[in-house]
Amino acid sequence: MFRSRKYVSTKEMKKKIVFHRKQQHFRYALKIRQGKRKMSASASTPVNIRICLIGEVANDTSCCEAAQTFNVPLVTSETGLELIADNDWRTYFVLKDFETPIYTAILKTTHSILGPPAIIRVAALGGGLKQNPRPVYNYAMNGIVACFSGIRSKELKQLVNYVHAMGGGIRERMNLRITHLISTRSGGGEYVYAKTFGLTVVRPAWVYAAWEQRNQLDFRADTEEFSNKYYLKYFEGQKICFVGFPADKHKLMLEILETNGGVYVELDDPECSHIVVGQHATQVKHEPKSSRAYILKSDWFWNTVQNGYAIEEDYRDSLLPDSFFGKLEESSACKETLMEKSSMRFNYFMELYNTESNYVDTLDTIINIFKTPLEESLRDNDALLDKFNIKAIFGNFLPIHGVHKRMFEQLRAIHTKWSEDCLIGDIILQHRDSLIKAYPPYVNFFDQMKETLTQCERQYPRFQAFLKINEAKPVCKRQRLQDLFIYPVQRLPRIQLLLNDILKHTNKSNPDYLGLEDALKAIKEVTMDINEYKRKTESQMATYHTFHDIEGCPPDLISSNRELISRCKVNELSNTLSGRGNNLTLYLFSDAIEVCRKVSRDFANAKNCPGRRRAYKHVELISLKAIRVVIDITDSSQAFAFRWRKKEEEQVLAFTIVDEEVDKAVYLKVLCKQMMEYACGDEPLKSCTSHDLGVDVSDENLNTSILSKTFKLAASTSSKVGRVLSFMKTPKLKRAVSNAKISLFGSTNSLASASQFPARRSVSCE
C-alpha cells in the first residue's frame, strides 16, 4: 500500500546543514580572498602600467594590435614569471591558458590577468585598462549574475571560476539581481523562485559549453540561440512513478516525462521522488520504498508541463490517506462516479477551494509555529529576537493572513451548499480593496525581509536553533521559513489562472459570469498596482541612496515625481564642469541629470569630515529641459556630448564612457527618450565628428591631463602637510611640547625635528 511522505530525520537534517555550511564556508572564503586581493591592489597602486603577452599570445596579430592601442610599454615573455615580483609596475598579463602553473603563480600576485578576447574587447571599447579584482578571459557573461543550486562543492568551485573568468557575477542566494539559476534538477526553493520571477534556469553544461567557445570574440552566453540547448527541463532530476492510469494515457505521460528530462521508475524504487496517482488506481500490494516520495494527483503533472513548475504542496489535498489505500478500489470508483456527476465548473471551483485551503494552512503555520512563539519569548524576557527584527520579518504578513482567512470562510460556505449559480466572483470583488492594501508592501519588501531573516539566523545562534527545530516539524512539510514566505508572492497569479478556468466553464447566462469577469479584472488590477508600487518604491529608494551618497547634493533632488533611470561613469572631455580628464558619474533621472565626482582622499579633507565621508561630491544638477541637443561623436566608440543652456550662455559638455557595462548607443537612446517624454519635444539626437565639435577625444591627451591632475593633487597634499608640520616650530608650541616631553619622559633628546618626520599617508574619513 501507499503511505504518506515521511519527513527528514534529525540525522539527515544535520547532514544537510553540514553540507550547506561547507558551501557557505567556501563562498565566504572566496569572497575574503577576492576582497584581500582588491584591497591589496588599491592600497598601493603603481603609476607605471605595462602589458605582457605570454607564450603563443605574442604571435597573435589581433592581440598585439589591441595591446598597442593603450600606449603603454608592451613586452613578451615565455612565462612572465620573471616580472611578477616587480611591484613598481602594474602588469597586465595576457595568457591563453587559465589552467596552468604559470596562471596559478600570477594569480597569487596583485597583477591583473586577461585573456586575448578580453584585451581585444577592452581595446575596442576605448575605455582604457582597468584593474580587475579577478582574472577575466572574455566578457561572454558580462552582465550575467548567477546563483547555483544542487551542485557539489568540487564542481561548484570550477563553475564559479569559469563564470568569473567570463565576466559574470555570482550570488550566494536568490535576489532581484540574479539573472540565471544554474541547477542540476528542477524543484526546490531556488527553482520555484526563479520560475516565479521569470529567470533563466540552465544546467551546468551551459557554463562548460560557454567556456569551450571562450576564444570567439563576438560570443555571448545569454543569447537565446545558445542558451536554448541548456535550459533545465521541467522534470529534470526527478524520478516519477505513475499509478492508476489507462494504458494509452500512461504511455502518453511516459513520453512527455522523458521529453522533459524526467525518469520513470517503478513503485518499489527507493529513489522514487514523486508518485502520480490517477483516478483509476487499483489496490496495490506493495508500499513505496521511498519514504520521501510525494504522492500527488495528476493535475500536478499537467500543470508542471503547462507552466514549467508546480508546487507539490498545492496538490497534496487530494493525496490519498492511509485509510484509503485499504479500500482503494471502492474509493476510486466512488470518486469516479462523483467526477462524472460534477460539472467542470465545480471541478475548477474545487481546485480554487483546495489551493486556498492549503494556502491558509501555510499562513497559519507561519503565524502559529514561528511568529507567535517569538512574540511570547519577548513577554517571557527570554527573547530569541528583538521586537524590531520580528516586525521587520513578519510585519507585512498579517494583512495578507487576515484577508485570506475571510475569503476562505466564504469559499467554505459555497462548498458546503454548492449550486451552479453560486457567486464565486463576488468573493474576490468584496476583498479587492483589502488585497490592494495587503500585497504591495509584502511583495515590494520581500527581498529585504528575506535578507533580515538570513542576517538574524547568522547573528543569533538561539534563533537559528529555533528555526531548525520548527522547520523539522511535520506541519512545515520539510520546508524552511524562507520557502514558506514565497507563497504569498505566487498566490495572486495562481488565483487569476483558476478564475480564468472557472470563467471558461461558466455559461454566459449564469449570474456569476459577469462577477467572474469583474473579479479577473480586479486581480489584474491588484497585480498591476503591486508592480507599479514596486517600481516606484525601488526608484525612490535608489534616489534616496543617491542623495545620501553625494556631498552637497541639492535637497530638492528627492521628489516623489522623480525616478532614477540609470547611472554612467564617464571622463569629462570638455573643460566646463570639473575639468578635462576628471572622473565623473552621471545619474540620469526622469527630469534631470545629476553630475558628481568621486571625493578625493587627501589630507585636507580630513578636518572637514569628522564622520563618515560620502563617496561623491556634487558638481551640477542639469534639467533635461536645459539640454538642447544630444550629440553622438561618431569617430569615437564611447564619446558623446550635449549642448546645455545655463542661464543665458550655451555650453558644450563632452564625455567619454568608461563604464564597461554601459553601451553608448543604448545610453543615448534612453537619454533622448527621457528628454522627449519630459519636454514633449522632437528627437534631440544628432551626429558629428570630434573635429566639427571642437573636442579632443584622443586617449593620449586625456591620460596626460589625468596624470597632471594627479601630480598637482600630490603637490597640494604635500604642501598642506608641510604647513601643518612647520606650525610645530613656533616658539610657544615648541615650549609647550618641550615641557610636556620633560614631564612625561624626563628628557628632550628624543624630540624629533619636523625634517625627521617620515612621509605620512593621506588621512581619509572612512
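Predicted model: local features only at pLDDT ≥ 70, side-chain atom pairs only at ≥ 80, totals over all residues.

Author: Two packed helices are described by the angle between their axes and the distance between the axes. The axes of H2 (residues 61-68) and H4 (residues 116-125) cross at roughly 45 degrees and come within 9 Å.

Reader: In which hand does H2 pass H4?

Author: The crossing of H2 with H4 is left-handed. On the H2 side, the contact is made by Ser-62, Cys-63, Ala-66 and Ala-67, and on the H4 side by Pro-116, Ile-119, Ile-120 and Ala-123.

Reader: How do the residues of this contact divide into nonpolar, polar and charged?

Author: Seven are nonpolar and one is polar, while none is charged.

Reader: Let us turn to the sheet. In what order do its strands lie?

Author: The order is E2-E1-E3-E4, in an open sheet of four strands with parallel pairing. Strand E2 (74-77) and strand E4 (112-114) are the edges, each pairing on one side only. From one strand to the next, the twist averages 30 degrees.

Reader: How many bridges join E1 to E3?

Author: Strand E1 (residues 48-54) and strand E3 (residues 89-94) run parallel and are joined by six bridges. As one example, Leu-53 has Val-94 of E3 as its bridge partner.

Reader: Which strands does H4 lie across?

Author: Helix H4 lies across E1, E3 and E4, and runs at about 95 degrees to E4.

Note on methods:
Residues numbered from 1 in each chain as written. Heavy atoms only, no water. Axes fitted to C-alpha atoms, helices over the stretch in contact; angles between N-to-C directions. Helix = DSSP H or I, 4+ residues; strand = E, 2+ residues; numbered from the N terminus. Left-handed = near helix turned anticlockwise from the far one by under 90°. Contact = heavy atoms within 4.5 Å. Nonpolar A, V, L, I, M, F, W, Y, C, P; charged D, E, K, R; others polar. Pairing = 2+ DSSP bridges.
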